[in-house]
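I opened the model to look up how its chains are built. My entries follow in the order of looking.

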Amino acid sequence: MAKITLKGLRHSYKPDPQEDADYALQQLDVDWEDGGAYALLGPSGCGKTTLLNIISGLLTPSHGQVIFGDKDVTQLPPDQRHIAQVFQFPVVYDTMTVYDNLAFPLRNRGVPEAEVDKRVREIAEMIDLTATLDNRASGLTADGKQKISLGRGLVRTDVNVIMFDEPLTVIDPHLKWQLRSKLKELHQRVRTTMIYVTHDQTEALTFADKVVVMKDGQVVQIGTPVELFERPQHTFVGHFIGSPGMNVMPCEVRGGKAFYQDTEISSWNAASCTDASDLELGVRPEFVEFGPTGVPVEVAKVSDAGRFRIVDTRKGDQSIKLLVPEGGEIPEGNAFLQFAQDHTQVYRDGWLMS
Amino acid sequence: MNKTENQKAWLFVLPVVLLVAFNAVIPLMTVVNYSVQETFGDNTFFWAGVIWFQDVLNSDRFHASLGRQMIFTFSILAIEIPLGVLIALTLPRKGPWVPVCLVLMALPLLIPYNVVGAMWNIFALPDIGLLGYGLNALGFDYNFTRQPGDAWFTLILMDVWHWTSLVVLLAYAGLVSIPDAYYQAAKIDGAKSFAIFRYIQLPKMKRVLTIAVLLRFMDSFMIYTEPFVLTGGGPGNSTTLLSVDLVKIALGQFDLGPAAAMSLIYFLIILLLSWVFYTLMMRNEAN
């Protein structure tokens, strides 16, 4: 077990990268605490799998270092890094039994058979596979196979980190919940560092203590689920996390006050802005409500989402969404919107002003 | 409940029925017909019962050709399957060389059988052929037209040259279908290359290898043109395989009855052995 440090990491799949666009992974400095549960969240193609493969050693980065504890492992192959990985599609050794699958990594490392047996049974108990130990692995369902993949990581005592590359992609929706809470439970039990890659915000937010949000090969924010929700560092985070995502609208700042379409908006960080161009205002639909005064809009669409309703309002071609709880009143036609000051923030070039 | 009757449906099936009848059922039944009759000139036939079958089954000549056929088939299987897998493993999986390798591999498969026979015949001639002359120049006493051992060597070498590519292509198809994640997982699990072969590559190639074994078995068991052109079954009868012998009886001696009986027995042997191979190789698939 060890702390994982990524130092000045950059990676390009091209042999001779020239400009920023050639890099699949931009400059990256991240510390992963020992025993933490992390999620790497981002849309497809944002470089999260590249980052994962660099940590696991399947890929050597073009620049920078990967440090486990205080050992530089940048050039080491996967089997010498003491890591485990669960892939998107379940990988099991079809011809072997579940037992042999779990024993495989230990036997490859020359662990005595008595020890192997003890570990395999212990882990099988943990991941609920005891009953199927003697079955052939190929006969199991997708979630069973993913458990085996995970089990092959758990049996080893030397594992620094277990990585998950969108492991629930092929699992039936009703089993996803089960497997996810199982994973959370296992993490609390074994306390091995886990890094979970996904493009699904629900998976990331429920699994991780800390979420790393990535976009275009860049880390845009590292934070707890609450931080990502309440203080998105970038409009992308606001947009990507939450459903519906954060409202982002153009604004101006004059004399430390934010204006949206000439209506003054109270925002907690507007005072820190001096420049008046390229600014945007971000506020989550949860923190917008109808009021007697405020931003004049027109109610365009109401969709019922069960416990609350999502109201889509418009002014010109700018849309602002807000959530109205069950029983709340929704005016028809013209209305005014008010934003909660604490949760309304100004962004410049997409980044939060501070 | 009334069943709708629509006799027109027969019309749609008719073309297939005719096709199958003319290309399989009628020829096969003709052979069955010959196998139970004695033929004389003027197309006169007499009922002969199972005499021809008894004759063939008790004939030393048939036993000898069947024995040679078995030796030939199992030798080439024992060489071509492992060799094909080995070559497939060394082929690149990605990159510009893939199409080049595949086309080069496929070349022998594109050459007509009698041309293969003729090529190897000339190639192996001790006085002018590259192989024959070369072997003699190296000090080997090689003459495939006179020495049975040399004839066998040449015959098997020719078949290996002609057909190993098929096994390579099939095995390669099986190999490239393995997702990268398997190799990555194996690396992480600390598997050595033999373990990767044994537990990942071989199981994933199993289906295509079953097809390869069946195809090579059936094809080599029926092989005719190449040995006929290469050695003509000689020297003596030493390379007279089943089909070569069958043609000698049917067309050389015009013994239609025995030849028909032999054809049917031949056919049943292939069917039986194919079934055995298939069952053995697929016995674990079910569970």
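I looked up contacts in chain B: residues 24 or more positions apart account for 69% of those with a separation of 6 or more. Two residues are in contact if their C-beta atoms, placed from the backbone, lie within 7 Å.

I noted the ground rules: this is a predicted model, where local features need pLDDT of at least 70, side-chain atom pairs count only at pLDDT 80 or more, and totals for chains, interfaces and linings use all residues. Residues are numbered from 1 along each chain as its sequence is written, while chains are lettered from A and ligands numbered from 1 in the order in which they are written.

I checked burial next. Of the 287 residues in chain B, 29% are buried (20 or more other C-beta atoms within 10 Å of the residue's own, C-beta atoms being placed from the backbone).

I went through the secondary structure of chain B and found twelve helices and two strands. Helices (H or I, at least four residues) and strands (E, at least two) are DSSP runs, numbered from the N terminus. The radius of gyration of chain B, taken over C-alpha atoms, is 24 Å, well over the 19 Å of the globule rule for 287 residues, so chain B is more spread out than a compact globule. That rule is 2.2 Å times the number of residues to the power 0.38.

I turned to chain A, where six strands form an open sheet with mixed pairing, in the order β6-β7-β8-β3-β9-β10. Two strands pair if DSSP finds at least two bridges between them. Strands β3 (residues 37-41) and β8 (residues 193-198) of chain A run parallel and are joined by five bridges.

Key: Buried ≥ 20, exposed ≤ 12 C-beta atoms within 10 Å, placed from the backbone.
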